[in-house]
Amino acid sequence: MLPRLRSGTVHVGGVSLDNHLILAAGILGTTGASLARMLENGAGGVVTKSIGPYPCEGHTGPCVVEVDGGVLNAMGLPNPSRDFADELPLLEGKPVIASIYGGSAEEFSTVAGWFAEKVVAVELNLSCPHAAGYGASLGADPRLVGECTRAVSSLGIPVWVKLTPNVTDIAACGLAAERGGASAIVAINTVKAMRISPELRRPVLGNRFGGLSGKAIFPIAVRCVYDLYEACTVPIIGCGGIATARDVLEMMMAGAAAVEIGTGVKDNPRIFRDIGADLYSADGIPADELVGCAHD
Ligand code: RRO
């Protein structure tokens, strides 16, 4: 029989959450109203769509395509930049984490400064697989991961660093984030991927390649969390293909102290309530007893 967890406030990465289940960046994260709705529907915390130093319209479509076991996207970081702050008053006092991106440590610091007082933490997007000069372009290099993390953590706010699986040594990136002052590491962002239409004889996505999310990447995410837990001491937040309470427990056993859920919301908007109902019980065990237990 699978264990049940004790319910109650969760402290992770410098933040207090209502439970272990967090809305991942990019899903329903562009308006304050949609983020508030996810909190009302059982999310323990929510991460915004990634916000950058300049407004961006995103890549030319098609930007999203369903594939076996998941979703392939190349949205291209669409966001209103600093104007996103207008969405936040609705969420005052709520566990909201701002996902931010920049092309340098200085840009990360500037964008973090806009939101520092308005959110409980920032999550550095060092991992989007299809954004030239942003995301994984920086996040695949541990030196730049360290620089960007240090620039933001020096502002004195909790910093979560979201890593890319598209590297040979994710632990090196995790250690760089930790040395830069990260409060938590989030693993993983989407896996670089593409599909080609045999009828059209051309790539399906407007950007040609993009990032794969959903159930298909769950084993990759588990392996990345496992590798990070072996190397790092800061809490790890597991992300990638989680759709059931069983997936949450597996992620925790690999080393995750909490999880983020993104693509699962598309198939089931009630996913936070449904997983919570299966995961928690009044006589459940503390999550600490499970986190990393697969390493023993
Ligand atoms: O906007 C996107 O295309 C996007 C982002 Br910012 C990200 O971090 N990961 C992803 O798969 N898509």
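How many salt bridges does a search of the whole structure find? The search finds five salt bridges, a salt bridge being a side-chain nitrogen of Lys or Arg within 4 Å of a carboxyl oxygen of Asp or Glu.

This is a predicted model, in which local features need pLDDT of at least 70 and side-chain atom pairs count only at pLDDT 80 or more, while totals for chains, interfaces and linings use all residues. Residues are numbered from 1 along each chain as its sequence is written, and side-chain values use heavy atoms, with hydrogens and water left out.

**View 1. The salt bridge of Lys 266 with Glu 66.** The two side chains meet at 3.6 Å, N to O. Because Lys 266 lies in helix H8 and Glu 66 in strand S5 (residues 64-67), the pair ties together parts that are 200 residues apart in sequence. Helices (H or I, at least four residues) and strands (E, at least two) are DSSP runs, numbered from the N terminus.

**View 2. The crossing of helix H2 (residues 105-115) and helix H4 (residues 142-153).** Their axes, which are lines fitted to C-alpha atoms over the stretch in contact, with angles running from 0 to 180 degrees between N-to-C directions, come within 8 Å and cross at roughly 30°. H2 and H4 are therefore roughly parallel to each other, a term for angles under 35 degrees.

**View 3. Confidence in the elements.** In pLDDT, the predictor's confidence in each residue from 0 to 100, the chain averages 97, and 100% of the residues score at least 70.

How values were computed: Parallel < 35°, antiparallel > 145°, perpendicular 65-115°, else oblique.
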